[in-house]
Amino acid sequence: MEQQKIKFSIVVSGAPYGTESGSSAYQFCAAAISAGHQIAGVFFYQEGVLNASQLVSPASDEINLPTLWAALAGEYQFPLEVCVSAALRRGIINQQEAVQLGLTQFNLQAPFVLSGLGQLAELSANCDRLVQF
């Protein structure tokens, strides 16, 4: 009997460290892909936007969750969307926003991209299951 492939969209609303939200979401995505399922995209919201910072610098014996997300998304070709409003409030800025705001630096790690809640609606409309961590 053939297993049904499921297309998941993921919402991450917890910070990469201090909660299990980000790492649980990452492990869920990796396990789903290993089981033959598809990740349509990951949307980072509220404190979850901190997963997109290229300034995260854990100790050498700890995992770097933003780097793991970037590698997984690159290998399996799914988008990492970051809520722009939540990101700007928490100091996660891409180069374009930095220029518009007159800031000299930005810290959004590629391939994370800033987007809006419309993208979350699109992700939820184009998947079989929406899972929030």
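The following legends describe close-up views of a predicted model. Residues are numbered from 1 along each chain as its sequence is written, and side-chain values use heavy atoms, with hydrogens and water left out. Because the model is predicted, local features need pLDDT of at least 70 and side-chain atom pairs count only at pLDDT 80 or more, whereas totals for chains, interfaces and linings use all residues.

**View 1. Course of the whole chain.** Five helices and five strands make up the chain; helices (H or I, at least four residues) and strands (E, at least two) are DSSP runs, numbered from the N terminus. Their order from the N terminus is β-α-β-α-β-α-α-β-α-β. The radius of gyration, taken over C-alpha atoms, is 15 Å, close to the 14 Å that the globule rule gives for 133 residues, so the chain is as compact as a globular protein of that length. The globule rule is 2.2 Å times the number of residues to the power 0.38. Along the principal axes, the C-alpha atoms fill a box of roughly 60 × 40 × 25 Å.

**View 2. The parallel sheet.** Five strands form an open sheet in the order β4-β3-β2-β1-β5, with parallel pairing; two strands pair if DSSP finds at least two bridges between them. At the edges stand β4 (112-115) and β5 (129-132), each of which pairs on one side only. From one strand to the next, the twist averages 25 degrees; axes are lines fitted to C-alpha atoms, for helices over the stretch in contact, and angles run from 0 to 180 degrees between N-to-C directions. Strands β1 (residues 7-12) and β2 (residues 38-44) run parallel and are joined by six bridges. Phenylalanine 8 is placed opposite isoleucine 39 in β2.

**View 3. Helices against the sheet.** Helix α1 (residues 21-34) lies across β1, β2 and β5 and runs at about 170 degrees to β1. Helix α5 (residues 117-125) packs on the sheet and touches β1, β2, β3 (80-83), β4 and β5, where contact means heavy atoms within 4.5 Å. The direction of α5 makes about 155 degrees with that of β2.

View 4. The structure holds one salt bridge, defined as a side-chain nitrogen of Lys or Arg within 4 Å of a carboxyl oxygen of Asp or Glu. The side chains of arginine 90 and glutamate 47 form this bridge, at 3.0 Å from N to O. Arginine 90 belongs to the loop between α3 (84-89) and α4, and glutamate 47 to the loop between β2 and α2 (65-76), so the pair ties together parts 43 residues apart in sequence. Glutamine 46, in the loop between β2 and α2, has a positive phi of about 50 degrees although it is not a glycine.

**View 5. The cis peptide bond.** Alanine 110 and proline 111 are joined by a cis peptide bond with omega of about 10 degrees. Proline 111 is located in the loop between α4 and β4.
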